[in-house]
Amino acid sequence: MDRAKRENDTHSKPTLYGNKRLLELDLDYLERRGGETITCENAESGSKEEESPADTLDRVKVVFLGAPRVGKSSIIRQFVWSEFCEEYKPTERRETFYPSVVLADRLYELKITDLPMIPYFPVSSHLEWTDFRYYGLRSANAYVLVFDLSNQDTFQYIRTLREQIYEARDMRGVPLLVVGNKQDELSPAAASGTRYRDIVNLVRKHWRCGYVECSARFNCRVVQVRIT
Ligand SMILES: Nc1nc2c(ncn2[C@@H]2O[C@H](COP(=O)(O)OP(=O)(O)O)[C@@H](O)[C@H]2O)c(=O)[nH]1
Ligand SMILES: [Mg+2]
């Protein structure tokens with residue numbers, strides 16, 4: 001993140017982009033007022049504090065997407081709170097987390113968005129603005145697309161979603177990370193199968209994006225689920 005650019009953006013005149021940012025803050029505020037208590041969790045110190053709307057200005061916005069039950073919420077909770085729940089609790093509404101991380105001596109303040117399943121990525125800004133489910137998706141700074149290594153059918157969902165994301169917006173400079181979760185349940189047979197190899201090949205060689213295999217359950221490589 002280019003600090004000079006961020007400062008420029010903050011002080012820019014109310015251009016279309018500037019207005020969008022303001023509206024975005026208002027929606028964040030409304031979202032917070034909607035009942036859910038959103039806290040600022042500092043992953044370094046573990047401290048919690050109330051978040052004020054102005055605090056959301058300079059954050060790196062990361063959106064987690066993937067089929068239901070692949071472990072998106074589990075990865076986020078393991079990353080932010082170091083906790084894991086065996087029981088499946090479907091994500092019924094948008095949840096937002098605000099961890100801070102230090103990478104290569106730099107502090108990044110993240111805004112991580114976890115969502116109920118979306119049927120498709122909003123292909124136009126009109127869709128994004130008319131349906132609250134899609135709000136903020138097109139302006140994310142990074143995407144984490146999660147599938148379940150023990151149920152490789154779930155890869156198809158992120159494959160389609162990735163195509164839609166690339167059709168919907170300019171992805172230059174926007175990192176996209178693919179995460180294969182539930183590595184603890186990847187059987188040796190599946191790991192040596194052609195389907196698994198095809199997925200890894202496609203992601204690494206053709207999509208040329210980051211690929212991490214992790215287990216939210218055992219907190220294995222969850223910290224490597226990061227955008228650089
Ligand atoms: N074995 C195993 N189970 C996991 C892992 N991550 C999540 N789960 C389980 O998978 C289910 C769905 O997880 P959840 O995070 O709610 O999925 P989401 O719908 O993608 O947010 C829950 O029962 C979790 O306990 C993992 O790494 N290994
Ligand atoms: Mg969830």
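The questions below cover the two ligands in this predicted model.

Q: Why is Ser73 called buried?
A: Its relative accessibility is 17%. Buried means under 20%. Ser73 therefore counts as buried.

Q: What makes Thr91 buried rather than exposed?
A: Thr91 has a relative accessible area of 16%. The cut-off for buried is under 20%, and exposed needs over 50%. So Thr91 is buried.

Q: How do you know that Ser73 and Thr91 coordinate the magnesium ion?
A: Ser73 (OG) and Thr91 (OG1) sit at 2.0 to 2.1 Å from the magnesium ion, ligand 2. A donor must lie within 2.8 Å of this metal. Both atoms therefore count as donors. The pair links distant parts of the chain: Ser73 is in helix H3, Thr91 in the loop between H3 and strand E4, 18 residues apart.

Q: What makes the Glu86 backbone a polar contact of ligand 1?
A: A backbone N or O atom of Glu86 lies 2.7 Å from an oxygen atom of ligand 1. The limit for such a pair is 3.5 Å. The pair therefore qualifies.

Q: Which side chains have an N or O atom 3.1 Å or 3.2 Å from a nitrogen atom of ligand 1?
A: Asn181 at 3.1 Å, and Glu185 at 3.2 Å. Taken alone, ligand 1 exposes 580 Å², and the protein buries 93% of that.

Q: Which helix gives the most to the shell around ligand 1?
A: Helix H3, residues 72-81, with three residues. By class, the shell has seven nonpolar, five polar and eight charged residues.

Definitions and conventions: Residues are numbered from 1 along each chain as its sequence is written. Chains are lettered from A and ligands numbered from 1 in the order in which they are written. This is a predicted model: local features need pLDDT of at least 70, side-chain atom pairs count only at pLDDT 80 or more; totals for chains, interfaces and linings use all residues. Side-chain values use heavy atoms; hydrogens and water are left out. A polar contact is a pair of N or O atoms within 3.5 Å; within protein, one must be able to donate a hydrogen and the other to accept it, and residues adjacent in sequence count only if both atoms are side-chain atoms. Accessible areas come from the Shrake-Rupley method with a 1.4 Å probe; for residues, only the protein chains shown count as cover. Helices (H or I, at least four residues) and strands (E, at least two) are DSSP runs, numbered from the N terminus. Ala, Val, Leu, Ile, Met, Phe, Trp, Tyr, Cys and Pro count as nonpolar, Asp, Glu, Lys and Arg as charged, and the others, Gly among them, as polar. Donors are N, O and S atoms within 2.8 Å of the metal (3.2 Å for Na, K and Ca); water is not among the atoms, so sites may look incomplete. Buried means under 20% relative accessible area, exposed over 50%, partly exposed in between (1.4 Å probe, protein chains only).
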